[in-house]
Amino acid sequence: MTKRGRASAWLWTLLALLAIVAVGVAACGDDDDDDDGGDDATKGFSEAGYKLAGFKEVTIDSGAAVKIGISSALSGDVKGLGEPIAIAAELAGDGVTIKGHKIEFVREDDLCSPDGGTAAADRLAKAGVVAVVGPICSGATVASQPQYEKAGLTTISPSATAPGNTNPPRSEGPYVTFFRTTFSDAIQGPTQAKFAKEKLNAKTAYIVFDTDAYGTGLRDAFKKAFEDGGGKIVGKPEGFAKKTTDFKSIIANIKKEKPDVVYFSGFYAEATPFLQQLRAEAELKNTPFLTGDGPKNDELLKGAGAAAEGAYFSLPTPSQKGAAFDAFSKKYEAKTKKPAESGTYVAESFDAATVIVKALEKVATDDGGKLKIDLKKLNEAIRDTVLDGASGKIDFANNGDNLGGAETPVSLWQVKDGKFVEIK
Amino acid sequence: MSFWLDQLVNGLTTGSIYALIALGYTMVYGVLQLINFAHGEVFMLGSFAGFGVIVAAGGADVSGPMVALVILLALVAAGAASAASATAIERLAYRPLRNAPRLAPLISAIGVSVFLSHLVDDGFLNGEGRYYPQVFPADTIEIGALTISYLQVFLMASSVAMMLGLSYFIRSTRTGKSIRAVSENRENASLMGIDVNRAIVATFIIGAIMAGFAGVLYGLFYSTIRGSMGFLPGIKAFTAAVLGGIGSIPGAVVGGYCLGLTETVGRELLNEIPGVNLPNEWRDVIAFGLLVVILIFRPTGIFGERVSKRA
Amino acid sequence: MPGTVRRATWDRVPAGLRSLAWLALSLSVLVIPVFDDTWVRMFFLVGLYVVLGMGLNVVVGFAGLLDLGYVAFFAAGAYMVGIWSSPVSPAVDTSLSFWLILPLALVVGAVVGVLLGMPVLPLRGDYLAIVTLGFGEIVRILVVNMTNVTNGSQGLYNIPRPDIAYREVDNVQAFYVMIVLAAFGTWFVTTRLRDSRIGRAWEAIREDEDVAGAMGINTTKYKLMAFAIGASVGALGGAIYAPFITFISPESFTLLVSINVLALVIIGGMGSTQGVVAGSLILIGIPELLQFSETRDALEQMGWARDGLNGAIHAFNTVTTADVSDLPPADEWGEKLAVYRFIVFGALLVVVMVLRPMGLFPSRRRTLEFEYPPEAEVAGGGGGS
């Protein structure tokens, strides 16, 4: 290598490094601006939205089953959430027939990721399903919504809570094909903030978040509500990618800031090592840990063990009781040998599937043994459904959000003696 | 102050693990000029073997002096499992390619790596992680402004002990000498009556024991283990080996600690600049950035020999 | 066995027959669009990797620069299209036409190639490999973190399909034709380059950089040229991939892509075009095939094999007190195999390499080169290029 060549290589490296730092400044300086509006349920939806959707008419041969898709995390780090959700959805089809046609559920694994969500949407459309329960994660939802709209497939998610799901960043307004039986994080976040302030007496909070649609959406909702209430977010924004295991460096930063509460928005696979490493620090042993629905899972209790003790969770689910819940609970327990209360979003999933089944009963027409289903009519029937479901009242707003919740659609939980206990 | 000490300790902890893995890379490279991409998976298998032992012994319920015994057993099991798998890999995937074009064993190594990580992830665990039971006493020692956990002390002390043991082994035992001879010049070593195959297998086994050991320490410290866990530490350890000068044993150790410190302390130092905020993920950018800069200064790494530009 | 030129099996086939076979193979790409969409989709992906493989071949095969970060260029092309045409792109409001972005993407690819090539000019061999691997990861992490340009890990979706004569191309067949054209274009350009003055300069650099420099070849210029051209082809692949898949996120641009491309180049036989095609068919085609419903149907008939294997598992469980569960029923095998496709991929890499270390279709000149055992090289300080 000539001397000149070496020198120019140097110059380029320097420039490249400068560029990297500059990009870092630019990319992270305004990391917090990318939030999306609130929970404006009435905004945007119009008849024009229906024109975007590629609704078709589906014919099902005599003797063939009506297929309903399930897009859920069936393997990988979110399987602990996804598997029970899929089982619960399938319970809604047990013994039900639509004008003599059985119901068959088609499971597709969306891995809870945007990539997986789009691939699952492709496969479900190809499998000839008429509607879909899921996707269960906001990341997969956001990525796959355009595909479902195009295919004219109505999806009801039991658990995708990000505010953006029903308020997408586009001029055409919300997707007519998207509904959810759970509630937006625009409701969950403020409840958490209120709890942190009033029950935990927290004035400062340190936020650690998953960089996906769910993690950032919930983070924004919490942050806004906490700051509006006079609280202060301390430290620098600490995002992490899925499968991160080394949180030590983040935790050293938490130690430095000494927050009143550590707030985590993400899933249990990362919450588990985070909690263990957090609680290994003597100074942070008793700092309250507050998180949302993603980590509320038996897998977390199993994995984190003693480190999970005392952790707080919120769940966009009203306190579950009533006849519909008991009936579901019995079925669920018979199938899984676990109480329905231990599952997260299982009642919502059962309700989502039930709404689809009920709408199918309404719109499917018999044509000499064959079954005809107009997907547009199916979508409208789902939109009009009002149901006293296992998870509470289901009544969809125009943008697909569930309006039917009780007064307080978010419940709060704490781990006590290795179990989730609801805080009243 | 205590913040910087914390980060220093974190850097040394990660550095220890990188250094232990990097030793395997650098030794294999020394004898075969092969980037042993499957070394990260050897580390992963060791970690799972240790996990199996700890779970079988009762998991988090183990207490008292039993803890020491269980961890010792876990380390032994990890070393054995790693050594066995490394031997098998060498036999099946590398030895038939000893005289093949240079890139063939590299691709074979990548194949083994993909195979093993997905075998564990997709074949057995369904993509889920496993969590090491927290057996190690969670107590901490305070030295001035520094709080350090027993686990961290154990991790760093035992890695240093392993490295000292290795350096003795390489310098003073017959096998160690034969390894050095082979990495100096394979043909001449063979002419001197050294069993080259034996030396190569020994190299793989020693590197694997270090990696298996690191696997258990990693699990105890970071708790989550999974089939793909070996990938990033493997890449980083190889980076550390290159940083130190590939083929050089002290180089791997220095490179490992350098890398560990740079990505933890270095990130925080950059974050001190007003307006800069690099999230945790940027540590990888910083690590590779360091590598590029060092290699431009010294294309053969810190301890690399300057005899030839060809690596 | 120095001196004895052992011809590859393929070369023993009479020349006339050989060219006839190649002609038939080349023509067969035209027949594919009449197949079912699933098949066309698979062949699109194979074609995509053929393009990428030929691009990487310029860097690795012609110039001898081992690049493990090729995915960076693929990502650059895909993100160019994503950023300039996706409606959710945070930085750009307008949605440009695909045909406008495509040439831009090629230029940006080349620029990225030169930028990443500059600092690694003094590096060789495995040092180069690890640094380029690092660059690939850096680019991915940048994409994750530059949320206000790339939308971070949430990705860019709804990427519009290109228009041809004011009509949106909405079928796989059209994309297939597009990728075949791109492959032929790349093939034409790269083979012309290989046989030109530039190609000979690359070859000289590959064989011995110092000697090449001494002979008056401007090594800096030619190495950067190889990086730029390889990168440009990578960006071309990315630019076609983005509207095909309509959704891109950092997850699609992991090291596995780089590994895939490098592996298929080497498995096929470095430096040969047939090799790249064969490598793609095996490494991309087979794992895709495992996801087909046809494969699932065929496997459902295999219930008998299950009982035998379950017996082995039970024995293993009793011996090791492990808790390996039974094999799933045969009608789930297809699904399982789809999940296990990376295991198959890894095993394939090892098996092909062990059986044919020079690849399936080694270029003839290379075959001669490799007849000499490489120990001689190793003894000289670690084997070059």
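## Exercises on a predicted model

Tyr94(B) has 26 other C-beta atoms within 10 Å and is buried. Keep that residue in mind while you work through the exercises; the model is a predicted one.

**Exercise 1.** Work out where Tyr94(B) sits and which residues it is in contact with, leaving aside its neighbours within four places in sequence.

*Solution.* Start with the count: a residue is buried if 20 or more other C-beta atoms lie within 10 Å of its own. Tyr94(B) has 26, so it is buried. Next, find its element: Tyr94(B) lies in helix α3 (residues 66–94) of chain B. Now look for partners. Once the neighbours within four places are set aside, Tyr94(B) is in contact with Leu34(B), Ile89(B), Pro105(B) and Ser108(B). For a contrast, jump 177 residues along the chain to Asn271(B): the two C-alpha atoms are separated by 44 Å.

**Exercise 2.** Asn126(B) and Asp417(A) both have a positive phi; find out where each one lies and how exposed each one is.

*Solution.* Take Asn126(B) to begin with. Its phi is near 60°, a positive value in a residue other than glycine. Asn126(B) is placed in the loop between α4 and β1 (130–131) of chain B. Because it has 14 C-beta neighbours inside 10 Å, Asn126(B) counts as partly exposed.

Then turn to Asp417(A), with phi near 50°, again a positive value in a non-glycine residue. You'll find Asp417(A) in the loop between β17 (411–416) and β18 (419–423) of chain A. The cut-off for exposed is 12 or fewer neighbours. Asp417(A) has 6 other C-beta atoms within 10 Å, so it is exposed.

**Exercise 3.** Decide whether α2(C) and α10(C) run roughly parallel or antiparallel, and say what kinds of residues make up their contact.

*Solution.* Two packed helices are described by the angle between their axes and the distance between the axes. Here, helix α2 (residues 37–62) and helix α10 (residues 219–245) of chain C pack at about 170°, with axes 8 Å apart. Angles over 145 degrees count as roughly antiparallel. So α2(C) and α10(C) are roughly antiparallel to each other. Their crossing is left-handed.

Now list some residues. On the α2(C) side they include Phe44(C), Leu48(C) and Phe62(C), and on the α10(C) side they include Ala226(C), Ile240(C) and Phe244(C). Sorted by class, the contact has 17 nonpolar residues, four polar and no charged ones.

**Exercise 4.** Check the span of α11(C), then work out how enclosed this helix is and what covers its buried residues.

*Solution.* Begin with the span. Helix α11 (residues 255–268) of chain C has 14 residues, so at 1.5 Å a residue it should span 20 Å. The end C-alpha atoms of α11(C) are 20 Å apart, which agrees. Next, count: 12 of the 14 residues are buried, so α11(C) is largely enclosed by the rest of the structure. Among the buried ones are Val257(C), Asn260(C) and Gly268(C). The cover includes α4 of chain B, along with α2, α3, α5, α12 and α16 of chain C. Just after the helix, Gly269(C) takes a positive phi of about 115°.

**Exercise 5.** Describe the side of chain B that touches chain C.

*Solution.* First the totals: 46 residues of chain B are in contact with 44 residues of chain C. On the chain B side, α4, α7, α9 and α11 each supply at least two residues. The largest share, 13 residues, comes from α4(B). By class, this side has 29 nonpolar, nine polar and eight charged residues.

Notes:
Residues numbered from 1 in each chain as written. Chains lettered and ligands numbered in written order. Predicted model: local features only at pLDDT ≥ 70, side-chain atom pairs only at ≥ 80, totals over all residues. Contact = placed C-beta atoms within 7 Å. Nonpolar A, V, L, I, M, F, W, Y, C, P; charged D, E, K, R; others polar. Axes fitted to C-alpha atoms, helices over the stretch in contact; angles between N-to-C directions. Parallel < 35°, antiparallel > 145°, perpendicular 65-115°, else oblique. Left-handed = near helix turned anticlockwise from the far one by under 90°. Expected span 1.5 Å × (residues − 1).
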